[in-house]
Amino acid sequence: MPTNKRESLIFTFIMCFCMVLWMSIYNVALQYCEFNGKIIAEAWLGFPLAYIFAMCCDWFIASPMAKGFAFTHLVTPGKSSPRAMALAVGSCMVVPMVIIMSLYGACEGLTHMPGGILANLYSVPAIWMINIPHNFVMALPWNLLVAGPISRFAFRRAFPVGTVFEEEHAELLEQAMAPECE
């Protein structure tokens, strides 16, 4: 688990990549009712915008909500095991992210519908409500069983504990970059 904001941001980049890429492939496959190279290519084309949107939603909305709920009601930092904390936060992250990204998918799907976005705008609420359970049944196990473990492993291999500056060292960087007064 990340131990400070810098580590948390780096971990979020990795985790969002794993989740958004797979969920993009999954949703495009659902839309076309097939799975092949064309589906992967189409998902990859929509990936950059979805990734940026998901990163912003994760960092500013879902993560504070999920950590707040998990650390208040499910686990206690410092007392609960790292595995319990990872499962609690990971499970709590899925709910707001599925709701937000299902809406994103419903809106993005309008660009592929005949007649264009404005002609099909009325269908967004229905598509959104259909997307939520479809995405939840894939996102929860994928997060807990695949993306979470892979992301934690990759993160700790790239950044062993103590190699990313903690917050209190930030002022040392500011002092080093500031011009010296004579």
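Cys-92 is buried, at a relative accessible area of 12%, where buried denotes under 20%, exposed over 50% and partly exposed in between (1.4 Å probe, protein chains only). The model is predicted, with local features requiring pLDDT of at least 70 and side-chain atom pairs pLDDT 80 or more, whereas totals for chains, interfaces and linings use all residues. Residues are numbered from 1 along each chain as its sequence is written, and side-chain values use heavy atoms, leaving out hydrogens and water.

**Cysteines**
- The whole structure contains zero disulfides, a disulfide being a pair of cysteine sulfur atoms within 2.5 Å.
- For Cys-92, the nearest cysteine sulfur belongs to Cys-16 and lies 16 Å away.
- For Cys-107, the nearest cysteine sulfur is that of Cys-57, at 12 Å.
- Cys-107 is partly exposed, with 38% relative accessibility.

**Helix α5**
- α5 covers residues 124-158; helices are DSSP runs of H or I with at least four residues, numbered from the N terminus.
- Buried residues of α5 include Asn-143, Ala-139 and Ala-147.

**Packing of α1 and α5**
- Helix α1 (residues 5-32) packs against α5 at about 140°, with axes 9 Å apart; axes are fitted to C-alpha atoms over the stretch in contact, and angles run from 0 to 180 degrees between N-to-C directions.
- The contact of α1 with α5 comprises 17 nonpolar, six polar and three charged residues.

Conventions: Helices (H or I, at least four residues) and strands (E, at least two) are DSSP runs, numbered from the N terminus. Ala, Val, Leu, Ile, Met, Phe, Trp, Tyr, Cys and Pro count as nonpolar, Asp, Glu, Lys and Arg as charged, and the others, Gly among them, as polar.
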